[in-house]
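Hello,

I am passing on the structure we discussed, for your files. My notes on it follow below.

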Amino acid sequence: MGRQEGYRTKNRQQILEFLKIKKNCSVSVSEIKENMKENGCDVNLSTIYRYMDKLVEEGSVMKYISKKGEKAGFQYVEPEDNCHCHLHLQCVKCGQIIHLSGCFMDKIQIYVEKDYGFTIQCDSSILYGICQNCKGK
């Protein structure tokens, strides 16, 4: 899944910059639209959805479906993050996303495969809970 520069408009650049700024969180299309509006760009939702689908397809963005299936969230992914190889933790209060990587991932994948015969696909896999910062509030 290589990243391609492709056709970049001002709106697309602004969306991508917003995603990069919020890369530690999952953002919704409505949040993207609100940010665009605040910055003087009135872009319709279908344009944002199409661009998000393109970014997901090229691997620049991960798409998460909310735990209730109500709306999708999107997160910018740095190429070196290897997000397709590990699970993610998301705080239900602040939306922070933590990459769960390292030897734990190897252990859980081996355990699940051995005991359940199940292969974990980490693309868009997320575990929900409350982060350390929100616990203290």
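In what order do the three strands of the open sheet stand? The order is β4-β3-β5, and the pairing is mixed. Because β4 (97-100) and β5 (126-129) each have a single partner strand, they stand at the edges, and one side of each is left without a neighbour in the sheet. From one strand to the next the twist averages 25°. Strand β3 (residues 87-91) and β4 run antiparallel and are joined by four bridges. Within that pair, Gln90 has Ile97 of β4 as its bridge partner.

Please keep in mind that this is a predicted model.

On the chain as a whole: the protein chain has five helices and five strands, which follow one another along the sequence as α-α-α-β-β-β-β-α-β-α. It has 137 residues, and 34% of them count as buried. Among contacts in the protein chain with a separation of 6 or more, 57% come from residues 24 or more positions apart.

The other item is a helix pair. Helix α1 (residues 10-21) and helix α2 (residues 29-38) have axes that come within 10 Å and cross at roughly 115°; the crossing is right-handed. On the α1 side the contact is made by Asn11, Gln14, Ile15, Phe18 and Leu19, and on the α2 side by Glu31, Ile32, Asn35 and Met36. By type, the residues of this contact are five nonpolar, three polar and one charged.

Regards

Technical notes. Residues are numbered from 1 along each chain as its sequence is written. This is a predicted model: local features need pLDDT of at least 70, side-chain atom pairs count only at pLDDT 80 or more; totals for chains, interfaces and linings use all residues. Side-chain values use heavy atoms; hydrogens and water are left out. Two strands pair if DSSP finds at least two bridges between them. Helices (H or I, at least four residues) and strands (E, at least two) are DSSP runs, numbered from the N terminus. Axes are lines fitted to C-alpha atoms, for helices over the stretch in contact, and angles run from 0 to 180 degrees between N-to-C directions. A crossing is left-handed if the near helix is turned anticlockwise from the far one by less than a right angle, and right-handed if clockwise. Contact means heavy atoms within 4.5 Å. Ala, Val, Leu, Ile, Met, Phe, Trp, Tyr, Cys and Pro count as nonpolar, Asp, Glu, Lys and Arg as charged, and the others, Gly among them, as polar. Buried means under 20% relative accessible area, exposed over 50%, partly exposed in between (1.4 Å probe, protein chains only).
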